[in-house]
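Subject: The structure I promised you

Hi,

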Amino acid sequence: MPGIEKLPIEETLEDSPQTRSLLGVFEEDTAAISNYCTQLYQAMHRIYDAQNELSAATHLTSRLLKEYDKQRFPLGGDDEVMSSTLQQFAKVIDELSSCHAVLSTQLADAMMFPITQFKERDLKEILTLKEVFQISSDDHDTAINRYSRLSKRRDNDKLRAEAVEDVYTSRKKQHQTMMHYFCSLNTLQYKKKTALLEPLLGYMQAQISFFKLGSENLTQQWEEFLGTIGTSVQNVRREMEEEVTQMQQTIQDMETSCDPLYAPCDPDPAHSPVCRSLTRKQGYLYIRNKTGLVSSSWERQYFFTQGGNLMQQGRGEVAGGLVTDLDNSSVMAVDSDDRRFCFQVTSFDGKKVVTLQAESRKDCEEWISTINNISKRIYLSENAEEIAARVNQSALEAVTPSPSFQQRHESMRPGSKGRVGRAGSISSVGSEPSPALSVLSLDALVAPETPIQFDIISPVSEENSGQSKAAAQSGRRSNPFGESGDSTSEDGEDSILHQLFIVRFLGSMEVKNTESPDIISETMRQILAARAIHNIFRMTESHLLVTCDCLKLIDPQTQVTRLRFPLSTVIQSASHQDNKRLFGFVLQQAGGRAVCYIFESNNDGEKICDSIGLAKQIAFHSEMDRKASEKRKEQDKAKEKQQEELSKQKQIEKDLEEQSRLIAASSRPANPPASDGQFLVLSNSQSEESDAGGEEGKKRGESEA
């Protein structure tokens, strides 16, 4: 007889969609066998029970055997030897249908017992194994989902150990159940033949023994045929026993060798090193699907590489679907807020980005290396593995997740040991119910029918026009879109704070009440609602640079400055209450206008608000230090001026004293005093002259002063 189709027990641990599809074919074949066996059992049971209707029941059996060719068995449906054998049996049974009278004992032992055992024991055993396998598969899916949802930020050893143990137990149970289930299905392909042939053979032997010699045509014509069929059945049974023994040995070997593979964590690197020269790979991964404007979900799918394409296939699907083209694509490990072992594949034109999660670090590194090799079209060369070994250095650089901008700049921040608190004007949206919201209406916050800007457009101001004129005078090229040609500006070179964040611009709109703490949350609500209504999903990605002087939006590819906001114009900033990745800030512009800008960030929006508050505090302290320095300089100048005034006054007094002394000396008489010690008395005319001379000296001294 031709070879028997069987399920590959070696692929049970991988549990690929192809194996599941093949399993579905065997299950359909089992259902067809069960259906056909039930009908055959009913026909033979009629032969056993209804002795008076034995002829009609035998005729029905013959008719069912003739219809074997019309049965649609997914496996073995084109077995011509089996079909011809059953057709011969159908003829014999049809000839004997009018001859049988009583065969109760012989038929019960030789015909009903084998087919009853096959129906009640073998088929029910397969149905039971199918239910157990389905339960173990569901338990494994539940355990692996629980393990994948382990929080990265709140790492709990107890929860992680329980999740790993659940995955180990469920995966081991699924693997063992699946192997035994496959073994039973493979065995059924042999038992199917014996279950159909043995009852017929027993039936014929009972007929021969009952009639002794029978008719001459019957014994001579069918004895050799029946002997051949008996030999064939024994050969099939012997082949089945050998196959069962081999499958049982394979199950034992795989249970021993696959025990370390049940755990989802990384195996010992010494025994299972990372292979970086792969050009083909397949396995289960989680893919991140965007379910809303700013929300996403993770779905477990079977991924495989086919040429230069990354394909995915779900359970029950016949073929896989294209995910992305890997030629000239880029791949790198990324840090996810809620998942581990994540990597990101970006198409060559940058329009499609796919975020995937592997089960372990080893699996993640092998996927990154494989995609990196495929992106360089190494799979098209003859010695693909040798060429892949040369480019492993770039893959090693890709598998190391780059630290977030927040961590990088936190380490570069001076005095990072003591974190400065957020400024008073920076607050988180919705942290506490604001009493102002009950007083102010929405119209007092944002004017109705206010236009919303969904793309970054540099505002045209007098400052930009002045810069354009200055650039024209200096011979520098001016960008009409307001972008600066320099990647870094002079106002940020002396700043002690440089923090960079990846943000996506959602929209901006003019606001009215800039003092209300709810203005940013209301602006977020209106912008997100407008995007959902108008089906606007495109967002401009930029780098937000926070310094002590200004906020800058920088193009991530050209490194040119798209927008620059002086820090003094930032009135307040806040993050969303529920979605911490959303944040915004309010700017005071010329003419008393205020505009609120809303962004989505890869980081926590509250951290960006903290950074802006820190920059405002540093700028405030710098301004206070500058004013104090200027005040000290003014005081020093006033003291110097006062000292100069005092020195001049002393000089004037000294000159006046000298002049008074000279005048007094010139007006003194020539006669000496009397010898008796008496002074001379001046006449009235002399005293008046002396007084006049003193007054003239004073006037002359004052004029000189």
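Let's start with the rings. F505, F565, F583, F585, Y597 and F599 form one aromatic cluster. Rings of Phe, Tyr and Trp (for Trp, its six-membered ring) pair if their centres lie within 6.5 Å, and planes under 30 degrees apart count as stacked, over 60 as edge-to-face and the rest as tilted. By this rule, there are 11 aromatic pairs. One of them joins F505 and Y597: the ring centres are 6.2 Å apart and the planes stand at 50°, so this pair is tilted. F505 sits in strand β9 (residues 499-511) and Y597 in strand β15 (residues 594-601), so the pair ties together parts that are 92 residues apart in sequence.

Before going on, a word on where this comes from. The model is predicted, so local features need pLDDT of at least 70 and side-chain atom pairs count only at pLDDT 80 or more, while totals for chains, interfaces and linings use all residues. Residues are numbered from 1 along each chain as its sequence is written, and side-chain values use heavy atoms, with hydrogens and water left out.

Are F505 and Y597 buried or exposed? Buried means under 20% relative accessible area, exposed means over 50%, and partly exposed is in between (1.4 Å probe, protein chains only). F505 has 2% relative accessibility and counts as buried, and Y597, at 6%, counts as buried too.

Strand β9 also holds S508. This serine is buried, with a relative accessible area of 4%. Which residues does S508 touch, leaving aside its neighbours within four places in sequence? They are P451, I452, Q453, I527, V595, C596 and Y597, where contact means heavy atoms within 4.5 Å.

Now the chain as a whole. It has 16 helices and 15 strands; helices (H or I, at least four residues) and strands (E, at least two) are DSSP runs, numbered from the N terminus. Of its 705 residues, 40% count as buried. Among the contacts with a separation of 6 or more, 70% are between residues 24 or more positions apart.

Next, try the helices. Helix α1 (residues 17-49) packs with helix α2 (residues 54-66) at an angle of about 160°, and their axes are 8 Å apart. The axes are lines fitted to C-alpha atoms, for helices over the stretch in contact, and the angles run from 0 to 180 degrees between N-to-C directions. Angles under 35 degrees count as roughly parallel, over 145 as roughly antiparallel, 65 to 115 as roughly perpendicular and the rest as oblique. That is why α1 and α2 are described as roughly antiparallel to each other. On the α1 side, Y36, Q39, L40, A43, M44, R46 and I47 meet L54, A57, T58, L60, T61, L64 and L65 of α2. Sorted by class, this contact has 10 nonpolar, three polar and one charged residues. Here Ala, Val, Leu, Ile, Met, Phe, Trp, Tyr, Cys and Pro count as nonpolar, Asp, Glu, Lys and Arg as charged, and the others, Gly among them, as polar.

α1 has another partner. Its axis and that of helix α5 (residues 157-211) come within 11 Å and cross at roughly 30°, and α1 and α5 are therefore roughly parallel to each other. The residues of this contact divide into 16 nonpolar, five polar and four charged.

L310 lies in strand β3 (residues 309-313) and, at 0% relative accessibility, counts as buried. L310 and D325 are 15 residues apart in sequence, yet their C-alpha atoms are 6.4 Å apart in space. Leaving aside neighbours within four places in sequence, D363 is in contact with K281, Y284, L285 and A358.

Last, two loop residues. N328 is not a glycine, although its phi is positive, at about 60°; look for N328 in the loop between β4 (321-325) and β5 (330-334). F341, in the loop between β5 and β6 (342-346), has a positive phi as well, near 55°.

Enjoy exploring!
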